Amino acid sequence: QVQPVESGGGLVQAGGSRKLSCAASGRTFSSYAMGWFRQAPGKEREFVGSTGSTYEADSVKGRSTIPSDNAKNTVTLQMTGLKPEDTAVYYCAAGQTPRGTFRPSYWGQGTEVTVSS
């Protein structure tokens with residue numbers, strides 16, 4: 001089993017920055033594309049971005065960075081200019097990027113980011 005594990009969540013003031021990290025543990029025999037999703041209270045899970053994909057959610061465009069040169073089966077999410085609406089549980093996933101579209105296969109348990117006004 002492949003188990004992505006997120007870290008870096010917590011409380012941050014509006015306008016601040018936060019860096020989330022993720023690493024897949026377990027039976028990581030293959031190299032995976034790694035991506036981020038988030039889910040705010042009362043909302044559907046939203047794709048943020050991933051390695052191997054040019055897609056960026058409009059809600060975070062210009063305020064998030066996902067490097068592509070991480071160690072195998074790892075990924076980070078650097079967020080700046082955080083807004084209260086960025087408050088969500090952020091999920092990391094390992095998957096593939098057929099034709100540049102991220103397809104998650106293994107999900108992390110999530111790390112909570114709370115942005116205070």
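By class, the lining of the largest pocket has two nonpolar, three polar and eight charged residues. The classes are nonpolar (Ala, Val, Leu, Ile, Met, Phe, Trp, Tyr, Cys and Pro), charged (Asp, Glu, Lys and Arg) and polar (the others, Gly among them). To find the pocket, select Arg38, Lys43, Glu46, Ser59 and Glu85, which lie nearest its centre among the 13 lining residues. Its volume is about 150 Å³.

The model is predicted: local features need pLDDT of at least 70, side-chain atom pairs count only at pLDDT 80 or more, and totals for chains, interfaces and linings use all residues. Residues are numbered from 1 along each chain as its sequence is written, and side-chain values use heavy atoms, with hydrogens and water left out.

Pockets and cavities come from a 1 Å grid over the protein atoms alone: a pocket is an open set of points with protein on both sides within 12 Å along at least five of seven lines, a cavity is a set where a 1.4 Å probe fits but cannot get out, and lining residues have an atom within 4 Å of a point. Grid points are joined across faces, edges and corners, and a volume is the space filled by probe spheres set on the points.

Next, the cavity. The structure holds one cavity of 30 Å³ or more.

Asp86 has a relative accessible area of 1%, so it is buried (buried is under 20%, exposed over 50%, partly exposed in between, with a 1.4 Å probe and protein chains only). The Asp86 side chain makes a polar contact with the side chain of Arg38 at 2.9 Å, and also reaches the backbone nitrogen of Lys83 at 2.7 Å. A polar contact is a pair of N or O atoms within 3.5 Å; within protein, one must be able to donate a hydrogen and the other to accept it, and residues adjacent in sequence count only if both atoms are side-chain atoms. Leaving out residues up to four places away in sequence, Asp86 touches Arg38, Val60, Arg63, Gly81, Val113 and Val115, where contact means heavy atoms within 4.5 Å.

Now colour the sheet. Four strands form an open, antiparallel sheet in the order S1-S3-S7-S6. Strand S1 (2-7) and strand S6 (64-65) are at the edges with a single partner strand each, so one side of each has no neighbour in the sheet. Strands pair if DSSP finds at least two bridges between them; six bridges join S3 (residues 18-26) to S7. Within this pair, Ser21 stands opposite Thr76 in S7.

From Ser21, go to Asn70, 49 residues apart in sequence and 10 Å apart in space, C-alpha to C-alpha. Asn70 lies in the loop between S6 and S7 and is partly exposed at 26% relative accessible area. Its side chain reaches the backbone oxygen of Pro67 at 2.9 Å. Beyond four places in sequence, Asn70 touches Thr51, Val75 and Thr76.

The last stop is Ser53, in the loop between strand S5 (46-50) and S6. Ser53 counts as buried at 16% relative accessibility. The side chain of Ser53 reaches the backbone nitrogen of Tyr55 at 3.2 Å. Not counting residues up to four places away in sequence, Ser53 touches Phe47 and Gly100.

Technical notes
Helices (H or I, at least four residues) and strands (E, at least two) are DSSP runs, numbered from the N terminus.
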